[in-house]
Amino acid sequence: MNDEELVRRIHRELADSYDEELELEIEDRTIEQLAGGVDAVSEQDKADRRLYFRELFRLQAELVKLQDWVVATGHKVVILFEGRDAAGKGGVIKRITQRLNPRVCRVAALPAPNDRERTQWYFQRYISHLPAAGEIVLFDRSWYNRAGVERVMGFCSDDQYEEFFRSAPEFERMLVRSGIQLVKYWFSITDEEQHMRFLSRIHDPLKQWKLSPMDLESRRRWEDYTKAKEIMLERTHIAEAPWWVVQAVDKKKARLNCIHHLLNQMPYGEVEHAPISLPERERHDDYFRREVSSEILVPEVY
């Protein structure tokens, strides 16, 4: 392989890596856009998409620098993502983790507690997911389930609810004192926007799995969830771990704004790395590569 072909293949590999974001982008497009509606091809739409991708890739490069700094300094980070169903939490989590090492930056998305976990101290099952030195943990929903869905759906008693508000601020202060940086985001959308996103999921077979019976019930109880959110923000907004509200009606702007804000919460800097040189592969005259049996080859349909 000559140098020109090698460079061409490297460029193709880089392009393939960015296609992952384009694939995710398709998930966010409406049925009208996928069908080739006018809005999908307007000049303003093209300009907005160019700006979005340019800023997203720039911010993701900064996230890589942040990751290097976290590893080098042994920093410990916990980021909570809360918000209504279909508010866009999963989308921003995907973009944050997309270019990062999963051994450094991982996502904790806990299912409903089992019978044993229901008898534990409420915060107990979250503790095993907390970071060690040089790690970032993103909680896709967190212990704030008690202040939201459990309260609204009647899964906890009044006493348990009140105990949560007594315990949560002290629990978080304890985390901060132990050296964990805690960042809390609430993704805010309007009644009309959630309605539209739920309809989109209903009519998109690739997204229907995102709609659970609990999601549908949350739509009916919009006002109850609003009251629960307001109480939660008021009673758990502490100096050591304040709440930050992300306006998320526009998904793309919400992702960029959240990542930009997150980066500004960290005193990170670029970590110097030793130059990397690819060693020459050793070759031995007595080595012969064996042919792979056609019986175990995956058929090349494409």
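Of the 302 residues in the chain, 38% count as buried (under 20% relative accessible area; exposed is over 50%, partly exposed in between, with a 1.4 Å probe and protein chains only).

User: What kind of model is this, and how are residues numbered?

Analyst: This is a predicted model, in which local features need pLDDT of at least 70, side-chain atom pairs count only at pLDDT 80 or more, and totals for chains, interfaces and linings use all residues. Residues are numbered from 1 along each chain as its sequence is written, and side-chain values use heavy atoms, with hydrogens and water left out.

User: How many helices and strands does the chain have?

Analyst: Helices (H or I, at least four residues) and strands (E, at least two) are DSSP runs, numbered from the N terminus. The chain has twelve helices and five strands.

User: What is the order of the strands in the sheet?

Analyst: Strands of a sheet pair through backbone hydrogen bonds, either parallel or antiparallel. Two strands are called paired if DSSP finds at least two bridges between them. Here the open sheet of five strands runs β2-β3-β1-β4-β5, with parallel pairing. Its edge strands, β2 (105-108) and β5 (243-247), each pair on one side only. From one strand to the next the twist averages 25 degrees; axes are lines fitted to C-alpha atoms, for helices over the stretch in contact, and angles run from 0 to 180 degrees between N-to-C directions.

User: Which residue in β3 is the bridge partner of Val77?

Analyst: Val77 has Ile136 as its bridge partner in β3. Strands β1 (residues 76-83) and β3 (residues 135-140) pair in the parallel sense over six bridges.

User: Which strands does helix α12 lie across?

Analyst: Helix α12 (residues 251-264) lies across β1, β4 (180-188) and β5, and runs at about 160 degrees to β4.

User: Which residues have the most contacts inside the largest nonpolar core?

Analyst: A nonpolar core is a set of buried Ala, Val, Leu, Ile, Met, Phe, Trp, Tyr and Cys residues joined through side-chain atoms within 4.5 Å. The largest has 32 residues, and those with the most contacts inside it are Ile79, Phe81, Ile96, Tyr185 and Phe187. At least two residues each come from α4 (43-73), β1, α5, β3, β4 and α12. Helix α4 gives the most, with eight residues. A second, separate core of 27 residues includes Phe123, Tyr126, Val137 and Leu233.

User: What does Phe187 touch?

Analyst: Contact means heavy atoms within 4.5 Å. Not counting residues up to four places away in sequence, Phe187 touches a set including Phe81, Val92, Val246 and Cys258. Cys258 is buried, at 1% relative accessibility.

User: Where is Ala86 found, and is it buried or exposed?

Analyst: Most residues other than glycine have a negative phi, and most peptide bonds are trans. Ala86 has a positive phi of about 70 degrees although it is not a glycine. Ala86 is found in the loop between β1 and α5 (89-97), and at 8% relative accessibility it counts as buried.

User: What is phi of Arg141?

Analyst: Phi of Arg141 is positive, near 75 degrees, in a residue other than glycine. Arg141 is in the loop between β3 and α7 (149-153) and is partly exposed, with a relative accessible area of 24%.

User: How many residues of α5 are buried?

Analyst: Helix α5 is mostly covered, with seven of its nine residues buried. Among them are Lys89, Gly91, Arg95 and Thr97.
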